[in-house]
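Reader: I am new to this structure. Please pick one part and look at it closely, then lead me on through the rest in short steps.

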Amino acid sequence: MNLARQIEEYLPRQLLKLVRDISGQAAKQGQRVYLVGGVVRDMLLGYPNFDLDLVVEGDAVQLAQQVAETSQAKLLAHHRFGTAKLRYENFTMDLATARKETYASPGALPTVTPGTLKDDLIRRDFSINAMAISLAADDYGELVDPYQGKNDLERRLIRILHPKSFSDDATRILRGVCYEQRFSFEFEAQTAHSLKRDIPMLDTISGDRIRHELEHIFEENQPELVIERLNGLEVLHRINASLKGDGWIAEKFDEARRLKKPTQLPSLYFCLLVYSFNGKDIEEFLARLNIPAKLSRAMRDTLRLKTRLPLLDKPSLKPSGVYHLLQEYDPLAIQANAIATESPIARRSLQIFLTKLRYVRTVLDGEELKKLGISPGSQMGRILESLHKAKLDGHVRTRADEKKLALSLSLKLER
Ligand code: ATP
Ligand code: MG
């Protein structure tokens, strides 16, 4: 099957020119280049996807170096893996040397040697991701589909390429459920059977790799569908015995999406995911997934703040009281609690802190207090603190208000 016309219609002009240039340069050295993986799948489905992956039968790193020299691209090469990334202003392009993989033991990283396109396709996760399109001049647009991926796309099936696939690499369980939910596909019968059988193989996967797949899931439009399904399959339970993916998570994820900038959303999902955890659960989870320090802090803060929410559940609490309670917590933890709490009063205080209180500053600073004759030291510290409190509570507004209050406080403290 030839997809030359579809490629021309699908890819933006700039990308099209680039892949043609790359393929042309490769041909001069007798190398062949293919579009592969997600972009082929999405082109056949008619979904936009401009994260291009290219496979090179030859040397991808050397080819990427040449391309970087002749176009305005930044190059990031991994000689050891035979892969390279070209970074342009609006997009990136990944080039990989066609490779063959063997797994020494389940869950381990595979041993890699150079191979043909077909070797490169059989090492992939699912048939729908194991298709390529030739970019070489002599068969431009030809679909290479040795494992009937197109047929599975039409039948709306997720299918592994061999029965040991999930045990070789159990992250594919998480990936499979992600595609199942994203496209509303089903697992082919044998694949569904292998998946259930191999869930315990998740224990062989490193924390970094599991975390990476969760991050991948958290980039979905509706990650809660994936989380609920992983829960139903008892995959979540295998990762951490206290993890849940119920209706509560679905509702809160949906709320998070309506509030948060996309860049912070995955971290917020992580905080909500552990909301029901106790102190022991969270430490186990952070260690199992090797969560980086910054996110660990936000997740721990989320749970620490949760225990203090009753203090916020008081209509009489002044803004300065809210500030005092919340200033020590990571903003992400405050946001997570605003979404999670059932108390409208606490929620309102958390939101006001995030949108207003945390930015409140006095007009006067230490230098200006000095000019008013207030000497630096503990007294000045207390005056600045009182000014800030008065500003939070709306007792002072202007510079003149602050000046007046500072002077009267200083007189009082001197007495
Ligand atoms: P998405 O739209 O989710 O990004 P994608 O197909 O681009 O889909 P990536 O995670 O970017 O997925 O991976 C690129 C390709 O690498 C996949 O299409 C798949 O063929 C292959 N791949 C990724 N992870 C694995 C894995 N664990 N085992 C086998 N093949 C994999
Ligand atoms: Mg991708």
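Author: Glu-186 sits in strand 11, which covers residues 186–187. The model is predicted. Is Glu-186 buried or exposed? Its relative accessibility is 55%. The cut-off for exposed is over 50%, so Glu-186 counts as exposed. It still has contacts. Leaving out residues up to four places away in sequence, Glu-186 touches Arg-156, Leu-157, Ile-158 and Glu-180. Now compare a residue elsewhere in the chain. Arg-80 is 106 residues away along the chain from Glu-186, and 37 Å separate their C-alpha atoms.

One of those contacts leads on. Glu-180 touches Glu-186, and helix 8 spans residues 171–183. Helix 8 gives two or more residues to the lining of the largest pocket. How much space lies in that pocket? The figure is about 2,100 Å³. In total, 45 residues line it. Closest to the centre are Asp-53, Arg-99, Arg-175, His-212 and Glu-213. Helix 8 is one of several elements that each give two or more residues to the lining. The others are helix 3 (38–45), strand 2 (52–57), strand 3 (74–78), strand 4 (83–87), strand 5 (92–97), strand 6 (99–102) and helix 10 (207–217). By kind, the lining holds 21 charged residues, 14 nonpolar and 10 polar.

Take helix 3 next. Of its 8 residues, 6 are buried, so helix 3 is largely enclosed by the rest of the structure. The buried ones are Gly-38, Val-39, Val-40, Arg-41, Asp-42 and Met-43. An arginine and an aspartate stand in that list. Just after helix 3 comes Gly-46, with a positive phi of about 85 degrees.

Leu-86 belongs to the largest nonpolar core, which has 109 residues. Which members touch the most others there? They are Leu-86, Met-93, Leu-95, Phe-285, Met-299 and Leu-326. Beyond its neighbours within four places in sequence, Leu-86 has contacts including Ile-22, Ala-64, Val-67, Ala-68 and Leu-75. Met-93 and Leu-95 are also among them. A second core is separate and has 10 residues, including Val-36, Val-55, Ala-132 and Leu-161.

Two loops deserve a look. Glu-234 lies between helix 11 and helix 12 (235–239). Its phi is near 65 degrees, positive in a residue other than glycine. Glu-234 is exposed, at a relative accessible area of 55%. Asn-290 lies between helix 15 (279–288) and helix 16 (293–312). Its phi, near 50 degrees, is positive too, again in a residue other than glycine. Asn-290 is partly exposed, at 43%.

Last come two residues later in the chain. Glu-368 has its place in helix 20 (residues 366–371). It is partly exposed, with a relative accessible area of 22%; the cut-off for buried is under 20%. Not counting residues up to four places away in sequence, Glu-368 touches Val-363 and Arg-399. Between the C-alpha atoms of Glu-368 and Thr-92 lie 51 Å, with 276 residues along the chain. Ser-410 belongs to helix 22, residues 399–414. At 7% relative accessibility, Ser-410 counts as buried. Apart from neighbours within four places in sequence, it is in contact with Ile-374, Gln-379 and Ile-383.

Note on methods
Residues are numbered from 1 along each chain as its sequence is written. Chains are lettered from A and ligands numbered from 1 in the order in which they are written. This is a predicted model: local features need pLDDT of at least 70, side-chain atom pairs count only at pLDDT 80 or more; totals for chains, interfaces and linings use all residues. Side-chain values use heavy atoms; hydrogens and water are left out. On a 1 Å grid over the protein atoms alone, a cavity is a set of points where a 1.4 Å probe fits but cannot get out, and a pocket is an open set with protein on both sides within 12 Å along at least five of seven lines; lining residues have an atom within 4 Å of a point. Grid points are joined across faces, edges and corners, and a volume is the space filled by probe spheres set on the points. Helices (H or I, at least four residues) and strands (E, at least two) are DSSP runs, numbered from the N terminus. Ala, Val, Leu, Ile, Met, Phe, Trp, Tyr, Cys and Pro count as nonpolar, Asp, Glu, Lys and Arg as charged, and the others, Gly among them, as polar. Buried means under 20% relative accessible area, exposed over 50%, partly exposed in between (1.4 Å probe, protein chains only). Contact means heavy atoms within 4.5 Å. A nonpolar core is a set of buried Ala, Val, Leu, Ile, Met, Phe, Trp, Tyr and Cys residues joined through side-chain atoms within 4.5 Å.
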